[in-house]
Amino acid sequence: MTEVLTGLDWQIKTLRSRVMNNQHKVFAVVGADGLGKSFTVQTMLQQLPWAVLSVPATESLTALLGRLTVLNPEAIQWTAETVNTLESGQDLPNHQVLPLLQTQLMALAPIAIHLENIENVQPWLAFIRTAQSIRGVTVVATSRHSLPAVFSEIRLAYFNQSQIQALLEQHGYVLPTQAITWLYARANGNPRYTLEFCLQLCQIGALRNDAGQWVWSEPQQIIVPLGLQSEMTEQLEVLVAQVSDPQKAKMVLLTRALVTTEVLANQYLPAFIGIQIQAELEKVTLKQQLGNKNGFYNPLFNDLLRQDVWQTERRLIARTLLEPVGAKQPKAAIQLIQAAQLEPSAELAAWQLIAEQAMQLQMLSVAGECYIAAMELCTGTLQADFALKASRCVRLSNRAKSLQLINHAMSIAPNNETYQLERCKALLANGQLEPLQAFLQTKDQQNPAWLELHLQTLFRSGQDQKALDLWQENLLLQPLLCETTHQQVATGFLRMGQQKQAFIILEQKKSVARDVITAVGLRQIGQLNAALTLLKQTLETDMAKLQLESVLHQRALVHQELGNLPAAMHDAENALEILQICGDEFRIAARKNTLAGILIERAEFVIAEQLLLEARRIIEHFGYSQQLVCIERNLAWLYLEWQPEMGGALAVKHARNALRHARTICGVTELHEHLVFIAWAEALHGNPKTALQLILETPRSSAFSQWVHLLCLENTGQKNMAQLFKTWLRDQPYSTRRTRFALELQRLTKTTKTLPHEMTENPLTLFIAKRYFPTLNQTNLTANTHKLEVLGTLKVNGIIMSGRLRRAKDILLLLLEARIMGKPEVTLLELMDVLYPNEDEIQASSAIRQLIYRLRKTYGDNVITRSLHGYSLGILSDVEEFLATNNTLLWQGLYQFRADSDSSVSTAIHQHLEKCIENLRHHNPSEAARVQRFIPRMYLKTTKNTDLLVLEA
């Protein structure tokens, strides 16, 4: 039976327990290089209160006898024949050495023998049988691969991110979160590789200790730590040497490394390599504990293949793959060009071709990278043209780089008006509005291009009215302006509360953007169902990725106001994913703000806070904007609802930050919406009189603003307006927010004995209710308790899950197994690798989001929760309760594990059950017999006394 251990302290503690309790007479600690097998075993041996001996497995039995004799020189009476053999430097035959070893071991027992890095077990089998017959002797072997059944196998697993962080701190590296995340991704949880990376990063300056504080800057180049390169190169050579055709094996490995995991490398393997070589290579890779059928366990091997080994073969395979891969996967083609080592003219043509192909696939950041590489290979006006193209491509993903590139183009041709116009657009994208406005004063406003840029600058700086006045002053030029400008003007009218003028502009031309802006206007005037219908119709048309993102984002906001939180989450996550592929940082931050707002209404405050703070860090680089005001307002809202430690002070702080700029850069409608939140924070935790002044500036036409008005009056000691508020609530359409403020009415009237059903179904309302009414019937407050049942029939919240929903089942079980193994979240990329390993990345991610949406809609909003980097299981499970309580009554059938899941989880659960059965045999034999049939034959152990394998959480 194989056990899996992870985390250094846990490994040492568990191994020591195995030896001290004499549970394993002979066992092997198995794992890949760098997992600390020898260190773990040797540290464990040092903690034993008896004799220990570590022996390289390459030595002979005679050498082992000599080492034992050093420990106990009086135990053996040597014969003359033995002395002569030893003096001649020869090894004794087994029939002579084994009795002597037996004598020494019996004299030294208790003793633990460590056979270090054993590869060939055969010479040691006779000794192992001898050791097994002696009480108090334990043999511990370390190996990279599995050993014969005579050894009980304990496998060391890769560390999770929290364990890597603890390991780094033990070695004095108290690093920023971004550095730990980078190290975990690059070293794949391998502890030794992680520490080697730290040394290398310190040497190149990516990590530095500044007055006791570690400072991190992410390296841009590929890094393979120097301390690992020779060792890893040797492992690769050993790997291919075991294949029938080493040269073809190199081709396979290089193809997989150069094309990357984003593409199915097998599609591009040259036909002459053949399937047999690939099958052999996979078998050897698995045998050597370096990987599985999907490739290497550690991505460092691919990095080594891309730059440091097999240069001739790499150049050949890169040139072979460049054309077919570049046409479909421009991103993968970048490293192919670098590896191909082309002549300068051929390399320039290759960069230009790949850039054009990337543009056709809307992969702007990839195209920009290619144009930059091409720019560095030429001079003069051609270099300026490439700089211009690169600047346009990276404007969304790297605004600072975009400005730097266009400045370089202007240094070559300063009077080129096209370059000047593009530089102004780059300044606008970077939020450098003052130099931009000064420059625009020198340009002819009767030129449509410069007029458009002037309007965009005014809207970006929050001068909506001035922009609209400029629009009205240029009636003759309006037809010449682009559709984007018309849409910005319509949006400006909406922000000023002038829906009629906005709709007139939007009617001029049918487009996706027009529908989105129209939906914004409909949402503002409360026609939510009409907005939803319009957006649904728009989604049925063909559109570009960024247009699809705009529609999904707007529909998420409509769903949110209607109280359809699962649908809102689904659309918001899809919109965010599209932007992350396109690389638009500003809009990514804006969509994180939207997603955080939905998470607040789902009472998922921790993730919402992380998203908002992350979004604010991004937006602050672009100066104050309407989006930054929205983020500050949502932070205030978050702390008002959550009320963590210092939550009140934080709410007031962010509310005042929002107010500081909202009056100057927001339209009338947006300003009123912000003022309501700001007044709310001031009324509860700031100055109630200031709050009342703020709320009186708003029209108070919604239940939300009416409630805040009432709250301001309540906190300034004025007349209670609960009855009027009740009237307002009655007239409001149903939404998540409406239930929230209905709860406030119950707080004011103090009549609550039970909560209406819709309140208990809403996570945020339920959270607030528990705070407002701590003595309320607990049955009412816990009516929304969720559970995943996997010990028998698979059920989610009491509903039997259909067998047809295989992939949906796999998502739930994958998240459950990850949490059991101490991993609180699973990233979207990990889900794609498991559930859709051969699918296109975009299609796979879309399919997973559809599954998550269906699960939430069918079984409840909190079945799967959003985490910062992925997803988590949001409900309890019966198997976790069993592991915590040993309650075997929870077992009503076989454990429903995934068909391709990590066997270590299932093994641990069944070992836990078997331990419980052993305890039940004495006082409840009938229950022991009932549960015994739920252990599959493959998990039954031959020994009765099995220590419980506790999984580190």
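Start with Glu 697 and Arg 663: in this predicted model, their side chains form a salt bridge, with N and O 2.9 Å apart. Glu 697 sits in the loop between helix H35 (688-695) and helix H36 (703-715), while Arg 663 belongs to helix H33 (residues 647-665), so this contact ties together parts of the chain that are 34 residues apart in sequence. How buried or exposed are the two partners? Glu 697 has a relative accessible area of 38%, which makes it partly exposed, and Arg 663 is partly exposed too, at 41%.

Now move along to Glu 880, which pairs with Arg 819 in a salt bridge whose closest N and O atoms are 2.7 Å apart. Here both ends are helical: Glu 880 lies in helix H45 (residues 878-885) and Arg 819 in helix H42 (residues 806-820), so the pair ties together parts 61 residues apart in sequence. Glu 880 counts as partly exposed because its relative accessibility is 21%, and the cut-off for buried is under 20%. Arg 819, at 24%, is partly exposed as well.

Salt bridges can also share partners. Arg 392, Arg 395, Glu 422 and Lys 425 are joined into one network that way.

For a buried pair, look at Arg 849 and Glu 577. Their side chains meet in a salt bridge at 2.6 Å, N to O. This one links distant parts of the chain, with Arg 849 in helix H44 (residues 841-859) and Glu 577 in helix H29 (residues 565-582), 272 residues apart. Both Arg 849 and Glu 577 are buried.

And how many salt bridges are there by this rule? The count comes to 25.

Notes:
Residues numbered from 1 in each chain as written. Predicted model: local features only at pLDDT ≥ 70, side-chain atom pairs only at ≥ 80, totals over all residues. Heavy atoms only, no water. Salt bridge = Lys/Arg side-chain N within 4 Å of Asp/Glu carboxyl O. Helix = DSSP H or I, 4+ residues; strand = E, 2+ residues; numbered from the N terminus. Buried < 20%, exposed > 50% of the residue type's maximum accessible area, 1.4 Å probe, protein only.
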